[in-house]
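Subject: Structure handover

Hello,

Please find the structure below. My notes on cavities and salt bridges follow.

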Amino acid sequence: MRQDLIRQLDERLQHHDPFGDSSKVVARVIERYTFALEVLARQDDALRELLGRVERLDADSADVVFGDLLVRAELEAAISRLETSGPVAASSESLRRMLGEALASIAKDRGMGIARRAMGRDFVVGPARRTWVWDLPDEPTRVGDKLRESIRTGFMPGAESSVEIIRPTPRMVEGLERACALLYRLVPAMADSIFRHLHSIAIANIRSPRGRLLTGSGGDGTPCMIFIDPDELENPWDTAGHILHEGIHLKLSDLIRTVAIVTDDEPVELPWRRKTALSNCVFAYHAYAHMQVFRAAVQHLGPSCYAEFGAPHDYDAPAHAMSVVNNDSRSPFSRAEARLHFLHEQLAGAWAPRVTPYGRKLVSWLWETIRPLEAIGGDRSEARAEHAADALTAPGRAPSSARYRQGQGISLRRSPSSEVLFALDPGSQKIVTLNLPAWLAFELCDGKTEEELLSAYATSLGLGAEHAWAQLAPTLEGLTSSGMIDRVPEGAHVSKGVSP
């Protein structure tokens, strides 16, 4: 039955590792921030004491601390300074103060971060009752002023957009709650997943050079939150889609905090809008793929919700590509399906050389997962795209007698629970994240030749030699370029040079 297929795809999109499992994605983000604090604390006694308290937090409390807008903004700024100027210049009094306040807040009231505590009323929505709604009082306060400044400077930087957050009425909050409930009824696994990344919702007037925006998520400057126009809240069907759409963006944003998806981010031309960065195209493709399942759920599971929520055609809505109420199909690329097809053809074809192997796997996985939906249409580009991907990932040479060793003086944080290894190269000061296969390859680099590495790698993963080398060859290139491993000069002594 179609209903069973929709439920299966809803589950499949959320429980895939590494792309779908939000619990693991969030765990990796927490580990990344903890590792950054560990590096910074080596030369900062006050931060070292705070790090000890962070390490003792349970997973939910750590998620609240690192999901707080002000804490995360300070940490991202510190990581940027760390990677450009080194650990001495990276720490700051502002970071120490914000982290200390966040830890004090969580100790007073589990689930309350700094930003949420600054709200006038504590409105919460969503299936887990953990996503709060912005209600910042007009009266100036230190935290309130900092939040306003963070929103002013951090919302879509460079896009010439502006946002005016509105204090919500109870009816607005009720509209959000209805939309959350409907989303959970239609795609429960997807809803549960995105609310792991969505800490807060702001009702706001959003403007861009092209006019009014219905929704937005601001990126690193306004992390873990989304913005929704107040006029949208009377329509639970499109509001549910808005929450899903922007929440999926937050999920991918968290996913790529520990891995790159493009090799360069120069703009590309889209037939339905002006030029945009290549990474934005991956974000759009990721959202359109998930929205296909949501659209199918609205069509085939939605009628059972009409008595409680009304039918989509009962509501007026502006036409846009994501709408399930008013989706103008007369103009080219006005529907999400057409945009999805175009982006897949480009990301798996002409643009593929600019997408990382990880990014290409993400693109391929999404396409294969949603293909069973008839709404996706034909497979016109599939053979060409798969051929292009194979050509890009196939190793161009056989294993050699070259030997590799781990880089000298690298700081490591091994995190088996989140299945990643974090490292800081003292030369570049860049934080490097390795998934399990790359972690394995790194650990094996103790002077082995490529032939010996291949044998050990294939045996450990239970792979055939050809398949294992297709994985290992680009992994060794990536580890070398990031400074994680070095080729051993012929005749040189091999010794490990990493820090615990």
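Is D44 buried or exposed? D44 is buried, with a relative accessible area of 8%; buried means under 20% relative accessible area, exposed over 50%, and partly exposed in between (1.4 Å probe, protein chains only).

Two notes on conventions. This is a predicted model, in which local features need pLDDT of at least 70 and side-chain atom pairs count only at pLDDT 80 or more, while totals for chains, interfaces and linings use all residues. Residues are numbered from 1 along each chain as its sequence is written, and side-chain values use heavy atoms, with hydrogens and water left out.

Salt bridges

There are 36 salt bridges in the structure (a side-chain nitrogen of Lys or Arg within 4 Å of a carboxyl oxygen of Asp or Glu). One of them joins the side chains of R96 and D44, at 2.5 Å from N to O. R96 is in helix 7 (residues 93–108) and D44 in the loop between helix 2 and helix 3 (45–55), so this pair ties together parts 52 residues apart in sequence. Helices (H or I, at least four residues) and strands (E, at least two) are DSSP runs, numbered from the N terminus.

E55 and R413 form another, at 3.2 Å from N to O. This pair links distant parts of the chain, with E55 in helix 3 and R413 in strand 11 (residues 410–415), 358 residues apart. E55 is partly exposed at 40% relative accessible area, whereas R413 is buried at 12%. Both also belong to a salt-bridge network with E31, E38 and R42.

Cavities

The structure holds two cavities of 30 Å³ or more. A cavity is a set of points on a 1 Å grid over the protein atoms alone where a 1.4 Å probe fits but cannot get out, and lining residues have an atom within 4 Å of a point. Grid points are joined across faces, edges and corners, and a volume is the space filled by probe spheres set on the points.

The largest cavity has about 60 Å³ of space. Its lining includes R72 and D254, whose side chains meet in a salt bridge (2.9 Å, N to O). Both residues are buried, D254 at 5% and R72 at 4% relative accessibility. Helix 2 (22–41) and helix 4 (59–67) each supply at least two lining residues.

The second largest cavity has a volume of about 30 Å³. Helix 12 (residues 236–255) gives the most to its lining, with four residues.

Regards

Terms used: 1 Å grid on protein atoms, 1.4 Å probe; cavity = no way out; pocket = protein on both sides within 12 Å on 5 of 7 lines; lining within 4 Å.
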